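This briefing goes with the sequence and model displayed below. Please read the points that follow with both in view.

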Amino acid sequence: EAVEIAQGTILPGADPRLAVVRVVYNGPEGRIILDQQRLDRGQGEEPNIAISTAANGVSVAQWVDRGGFWISLAGKADQQALLLIANRIR
């Protein structure tokens, strides 16, 4: 639905010196937000996805992929549903 570019300072976990690309998807269960940032490092190891859920029901998954991209995926979904989406991205 939308593509935006912002500074990394607005997102916890992002490198504040680098820009972040945000893609907003509207789905049947609400918005899913995908944030990506190319880091100043080479290719990474096998991604380790960290997922948390806030009291308002918004879950956030964050990881660094093998290509050296920091990725954050957020939406009002349970952790298992978000993990399924995250596994399709990486």
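Between which two strands does the loop that holds Asp65 lie? Asp65 lies in the loop between E5 and E6, in what is a predicted model. The protein chain contains one helix and six strands, and their order along the sequence is β-β-β-β-β-β-α.

**Overall dimensions and surface**

- The radius of gyration of the protein chain is 13 Å, which agrees with the value near 12 Å that a compact globule of 90 residues would have.
- Taken along the principal axes, the box filled by the C-alpha atoms of the protein chain is roughly 35 × 25 × 25 Å.
- The accessible surface of the protein chain comes to about 5,800 Å², and carbon and sulfur atoms account for 51% of that area, while 33% of the 90 residues count as buried.
- Side chains of the protein chain include 9 positive and 10 negative ones, and the centres of these two sets lie 1 Å apart.
- When contacts between residues at least 6 apart in sequence are considered, 32% of them join residues at least 24 apart.

- In soluble globular proteins, nonpolar side chains tend to be buried together.
- Nine residues form the largest nonpolar core here, namely Ile32, Leu34, Ile49, Ala61, Trp63, Ile71, Leu73, Leu82 and Ala86; the elements that give two or more residues to this core are strand E3 (30-38), strand E5 (59-64), strand E6 (69-75) and helix H1 (79-89).
- A second, separate core has five residues, among them Ala14, Val20, Leu39 and Trp70.
- Ile32, a member of the largest nonpolar core, is in contact with Val23, Val24, Tyr25, Leu73, Ala74, Gly75 and Ile85, once its neighbours within four places in sequence are left aside.

**Two loop residues**

- Pro28 is located in the loop between strand E2 (19-27) and E3, and with a relative accessible area of 89% Pro28 is exposed, because the cut-off for that class is over 50%.
- Although Pro28 and Asp40 are twelve residues apart in sequence, their C-alpha atoms are 36 Å apart in space.
- Is Asp65, by its relative accessibility, buried or exposed? Asp65 counts as buried, because its relative accessibility of 14% falls under the 20% cut-off.
- Asp65 and Asn48 are 17 residues apart along the chain, and a distance of 8.4 Å separates their C-alpha atoms.

Technical notes: Residues numbered from 1 in each chain as written. Predicted model: local features only at pLDDT ≥ 70, side-chain atom pairs only at ≥ 80, totals over all residues. Heavy atoms only, no water. Helix = DSSP H or I, 4+ residues; strand = E, 2+ residues; numbered from the N terminus. Rg over C-alpha atoms; globule rule 2.2 N^0.38 Å. Buried < 20%, exposed > 50% of the residue type's maximum accessible area, 1.4 Å probe, protein only. Contact = heavy atoms within 4.5 Å. Areas by Shrake-Rupley, 256 points an atom, 1.4 Å probe, with all protein chains shown as cover. Lys, Arg positive; Asp, Glu negative; His and termini not counted. Charge placed at Lys NZ, Arg CZ, Asp CG, Glu CD. Core = buried A, V, L, I, M, F, W, Y, C linked by side-chain atoms within 4.5 Å.
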